[in-house]
Each structure stands twice: as structure tokens, then as C-alpha cells.
Amino acid sequence: MNKSCHMLIDYFNRTLTEDEMRQFEDHLIECPSCQEELMEWEMLTENLPYESEAVEVPIDLKARIFASLPDIPAKAEFVTMPTKEKSRRRMGPVTTVLAAGLFASLVANAFLFSETQKEPEIAQSEIQLIGQSILAPQEGTSASAVAMLIADGDQNVLLLDATDLPTLSKDELYQVWVIEGDQPYPAGIVQPNETGTGTVSHPLTNLSGTWDTVAITIEKEPNLSAPEGQIILAGGI
Ligand SMILES: [Zn+2]
């Protein structure tokens with residue numbers, strides 16, 4: 001354990017400054033212990049009471065999404081959802097305690113940045129975090145985003161928090177997509193502020209929750225039936 005390891009929980013909670021975050025990401029690439037811990041936290045979200053069968057995204061669609069991400073950095077590997085095999089592994093007691101605290105703060109954070117008008121006390125008792133993902137940026141950009149799928153009563157909601165989005169020209173917009181099987185669905189528009197930060201809270205009313213990819217593209221028009229523009233961020237969830 002070195003001095004950077006203690007930043008893991010703040011990293012996962014996204015409470016680090018940008019400099020700290022980059023510093024920690026550099027550390028993470030070289031620290032198996034932090035990678036493992038992060039993986040276990042990911043497992044926790046997978047172990048939540050929600051069953052969804054993984055659906056293979058057809059190769060062409062997947063290829064289209066990841067074609068613009070030629071070298072997904074090594075650090076992206078640990079954000080993919082763990083296998084079922086690993087999720088049966090027993091968590092150590094320390095990890096469990098950490099993870100429980102982490103989960104509570106994640107949910108709280110989600111509702112802090114969501115646009116819901118609900119009282120947080122009520123919302124937190126009714127929602128479940130189904131899955132989350134750190135989206136991998138296209139090479140050459142420093143953009144980053146965290147996506148979370150939350151079950152709010154009987155409705156699924158996608159929460160997405162993006163930072164460092166490059167400024168667009170006036171006729172462009174950032175479109176969020178979720179992909180279920182071979183079908184992409186527009187899932188809100190990110191409207192970044194002047195510092196490139198933006199959030200989206202989007203109900204997924206017609207989806208059964210079998211989708212496995214979240215992406216952000218630059219489009220000329222909102223809510224097309226399929227992505228046409230450049231993909232800037234993408235990740236499995
Ligand atoms: Zn470490």
C-alpha cells in the first residue's frame with residue numbers, strides 16, 4: 001500500500017479534484033491492490049437485487065461504438081463489470097464495510113446531481129443502484145463520465161455525470177445513448193456548463209434493463225433513431 005491508495009474511496013466517490021483524479025488514475029494503473037478493491041466495489045453493485053441477463057451487442061454496432069476508441073487504456077479494464085464467477089467470491093469484512101459506506105454515498109451523490117424534485121430522504125429509501133460505469137474517453141480527449149442506472153420504484157433512470165467535455169459549435173449537441181441488444185435509444189442531452197461539466201437524469205421507460213452499453217456522441221440533432229456523429233465516450237454497464 002502506498003500513499004496514493006487511500007485516495008481510492010474519494011476517487012470512486014468523485015470527490016477528488018481533477019489533478020488528484022489524474023494522479024490517482026496514474027497510480028491505479030500500477031496498483032493491483034487498488035484495482036482489486038475497485039473491482040470488489042463494482043461487484044457490490046452487481047450483487048444488488050436485480051437480475052438482468054447480459055445481451056450480446058451485435059458485433060457491427062459494438063464495432064461502430066468502439067472503433068473510435070482505438071486503444072481503450074489499460075485503466076478502463078477494471079471498470080468492466082466483473083464476471084459472475086468473481087462475483088461469488090467472498091468479500092473481506094473491511095471491504096464490505098467500505099463498500100456499504102461507498103454505496104450510500106454514491107446514491108446520495110446521484111440524487112444530489114439528478115434533476116429529480118423528490119425529497120432525498122424519500123428517494124433514497126426507494127431507489128436501488130442497478131449498475132454503473134466509468135465511460136472511456138475517445139483518444140485525444142480528456143472527457144470523462146460516470147453513468148449509473150437506478151431503479152426508482154418501478155422506473156429505471158439513467159444518471160450521467162460528465163466532466164471536461166470539449167466546447168461544441170452552436171449547431172452541435174452531446175447526445176447520450178443506451179444500447180439494448182442491437183437497439184440504441186437516445187437517453188438525454190448533456191448540456192455542459194462553461195467548465196465542461198454536465199449531468200443528465202433520464203427515465204428509461206420502455207427498456208427492460210437488458211442494455212449493456214452507454215455512449216455519448218456529438219450530433220447535429222437531438223434524439224435521432226441511431227447515433228450518426230462522433231463517439232466521444234463509451235462504456236459497458
Ligand atoms: Zn493503490
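A salt bridge is a side-chain nitrogen of Lys or Arg within 4 Å of a carboxyl oxygen of Asp or Glu. The exercises below apply this to a predicted model.

**Exercise 1. Decide whether Glu-172 and Lys-220 form a salt bridge, and state which parts of the chain the pair links.**

Solution. 
Step 1. The N to O distance between the two side chains is 4.0 Å, and the pair counts as a salt bridge.
Step 2. Glu-172 sits in the loop between E3 and E4, while Lys-220 sits in the loop between E7 and E8. The two residues are 48 residues apart, and the pair links distant parts of the chain.
Step 3. Glu-172 has a relative accessibility of 27% and counts as partly exposed. Lys-220, at 54%, counts as exposed.

**Exercise 2. Find the salt bridge between Asp-171 and Lys-220, and explain what the pair ties together.**

Solution. 
Step 1. The side chains of Asp-171 and Lys-220 meet at 3.4 Å, N to O.
Step 2. With a relative accessible area of 43%, Asp-171 is partly exposed.

**Exercise 3. Describe the salt bridge of Arg-22 with Asp-164, and place it in its network.**

Solution. 
Step 1. The N to O distance between the side chains of Arg-22 and Asp-164 is 2.9 Å.
Step 2. Because Arg-22 lies in helix H2 (residues 18-30) and Asp-164 in the loop between strand E3 (155-163) and strand E4 (173-180), the pair ties together parts 142 residues apart in sequence.
Step 3. Asp-164 has 19% and counts as buried, because the limit for buried is under 20%.
Step 4. A network of salt bridges links Glu-18, Arg-22 and Asp-164. The structure holds five salt bridges.

**Exercise 4. Identify the donors of the zinc ion and assign the geometry of the site.**

Solution. 
Step 1. The donor atoms are SG of Cys-5, NE2 of His-27, SG of Cys-31 and SG of Cys-34, at 2.1 to 2.3 Å from the zinc ion.
Step 2. The angles among the four donor atoms run from 103 to 115°. Four donors count as tetrahedral if all angles lie between 85 and 135 degrees, so the site of the zinc ion is tetrahedral.
Step 3. The spacing of the donor residues in sequence is C-x21-H-x3-C-x2-C.
Step 4. Cys-5 is in the segment before helix H1 (8-13) and Cys-31 in the loop between H2 and helix H3 (32-46), 26 residues apart. Both cysteines, Cys-5 and Cys-31, are buried.

Notes: Residues are numbered from 1 along each chain as its sequence is written. This is a predicted model: local features need pLDDT of at least 70, side-chain atom pairs count only at pLDDT 80 or more; totals for chains, interfaces and linings use all residues. Side-chain values use heavy atoms; hydrogens and water are left out. Helices (H or I, at least four residues) and strands (E, at least two) are DSSP runs, numbered from the N terminus. Buried means under 20% relative accessible area, exposed over 50%, partly exposed in between (1.4 Å probe, protein chains only). Donors are N, O and S atoms within 2.8 Å of the metal (3.2 Å for Na, K and Ca); water is not among the atoms, so sites may look incomplete. Four donors count as tetrahedral if all angles lie between 85 and 135 degrees; four count as square planar and six as octahedral if opposite donors are over 155 degrees apart and all others between 65 and 115; anything else is irregular.
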